[in-house]
Amino acid sequence: MDGNTVLELYRKMWVVRAFEQGLEREFKKGNVPGMLHTGLGQEAVQAAIANSLRKTDAFFPDHRAHGLLVLAGTPGEKIMAELFGKATGVCSGKGGSLHSADPSVGNFGDNAVEGSMMATALGVGLAYKMQKRDDLAAVIVGDGTAGRGEWHESLNLAATWKLPVLYCCVNNGYAISTAVGDSHATAELYEFACAYKMQSVQVDGNDVVEAARVTAEAVDWIRQGKGPFFIEYKTWRWQGIFSGEFRPAEEIRYWKEEHEPMKLARDYMVKNHIADDAVLEQIKAEVEAQVETWITFALESPPPDLSKATANVYVGWEVETR
Ligand SMILES: Cc1ncc(C[n+]2csc(CCOP(=O)(O)OP(=O)(O)O)c2C)c(N)n1
Ligand SMILES: [Mg+2]
């Protein structure tokens, strides 16, 4: 992979990291309503996916993909304001973390019912296939979804009909606090896709170079009309679902220090003479400063107007207030 692409991936990872760190800080101050799941620790996965998608593709983000929403092309301040529940947000503050959509960049939105987007993505994939487009529908799902009916129904139909669907399975080892191997017949989730005769691969989701390479190959495969592709990204989330920590100290040390995605990317670039520490530090500083402007915008934005609470709930149908 050429140096400029790796540098661009590194910048994308910092967009995810800085966005989530800023958001988490503001959440703790009480400025972000609702629940918050962050993508901290999963930056390389999001950068790799963003690197291969284009605006005419569709994607269904998961509950940790805030950074991906920005990387897809929605202005960062509009995503930040959305998460703050402000009128200037991309969905006028009504979507929040789990329901922000922006069709103009292909973001079809998340859904709080885990797995449901795997069914919805089939419809988009089928439409694109019937329209003979070489666009695809990407669906991002966690390991916790693997036991759901939609997971298996979706893989089966996509494989049978050779639909242009990219399955991005973010296997961070846990669903809430249940380890993958404790709730599924296998902890290697790509094996489920193999059973449905789908092209599938497992990749180190903290190694951005490998993750981006594999994602690009999968996307290429799908664009050639060869059918769906399943990628299992092995990664780890910094955040538990609830406050407090249940994971062993050695596991935390491995993922947050030794196998941390930013560190791996930095080591790769220094070793391959792509960039030195000063350049990498500058990228980090630039992105962090930009994210602060998004936070300021969100903080200063007005809340949604109560009189608009029922607007845009249904297409072309104004809901009557009572
Ligand atoms: C159908 C359904 N069941 C339960 C929940 C509650 N829930 C929210 S997040 C979550 C765990 C998801 O785990 P995973 O898919 O591994 O994603 P992670 O949080 O680890 O990124 C659950 C069970 C839900 N949103 N939808
Ligand atoms: Mg998980």
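Strand β2 (residues 137-142) has six of its six residues buried, so it is largely enclosed by the rest of the structure. Here, "buried" means that 20 or more other C-beta atoms lie within 10 Å of a residue's own, while 12 or fewer makes it exposed and anything in between partly exposed, with C-beta atoms placed from the backbone. Strands (E, at least two residues) and helices (H or I, at least four) are DSSP runs, numbered from the N terminus.

Keep in mind that this is a predicted model: local features need pLDDT of at least 70, side-chain atom pairs count only at pLDDT 80 or more, and totals for chains, interfaces and linings use all residues. Residues are numbered from 1 along each chain as its sequence is written, and chains are lettered from A and ligands numbered from 1 in the order in which they are written.

Back to β2. In a regular strand the side chains alternate between the two faces of the sheet. On one side of β2 sit Ala 137, Val 139 and Val 141, on the other Ala 138, Ile 140 and Gly 142, and all are buried, leaving both faces covered.

**The sheet**

Two strands count as paired if DSSP finds at least two bridges between them.

| Strands | Pairing | Example bridge |
|---|---|---|
| β1 (residues 58-60) and β2 | parallel, three bridges | Ala 58 with Ala 137 |
| β2 and β3 (residues 165-171) | parallel, six bridges | Ile 140 with Cys 168 |
| β3 and β7 | parallel, six bridges | Leu 166 with Phe 229 |
| β6 (residues 199-204) and β7 | parallel, six bridges | Val 201 with Ile 231 |

To get from β6 to β7, the chain passes through helix α9 (residues 208-223) in a right-handed β-α-β crossover. Right-handed means that, with the strands pointing away from the viewer, the path from the first strand over the helix to the second runs clockwise.

Strand β7 (residues 229-234) is mostly covered too, with six of its six residues buried. Phe 229, Ile 231 and Tyr 233 point one way, Phe 230, Glu 232 and Lys 234 the other, and all of them are buried. Tyr 233 in β7 stands opposite Val 203.

**Two helices**

Now for helix α2 (residues 43-52), which packs against helix α1 (residues 3-28) at an angle of about 125 degrees, their axes 8 Å apart. The two are therefore oblique to each other; under 35 degrees would be roughly parallel, over 145 roughly antiparallel and 65 to 115 roughly perpendicular, with the rest oblique. Among the residues making this contact are Leu 9, Met 13 and Val 16 of α1 and Ala 44, Ala 47 and Ala 50 of α2, where contact means C-beta atoms, placed from the backbone, within 7 Å.

Is α2 buried or exposed? Ten of its ten residues are buried, so α2 is largely enclosed by the rest of the structure. The buried residues include Glu 43, Gln 46 and Asn 51.

Definitions and conventions: Axes fitted to C-alpha atoms, helices over the stretch in contact; angles between N-to-C directions. Contact = placed C-beta atoms within 7 Å.
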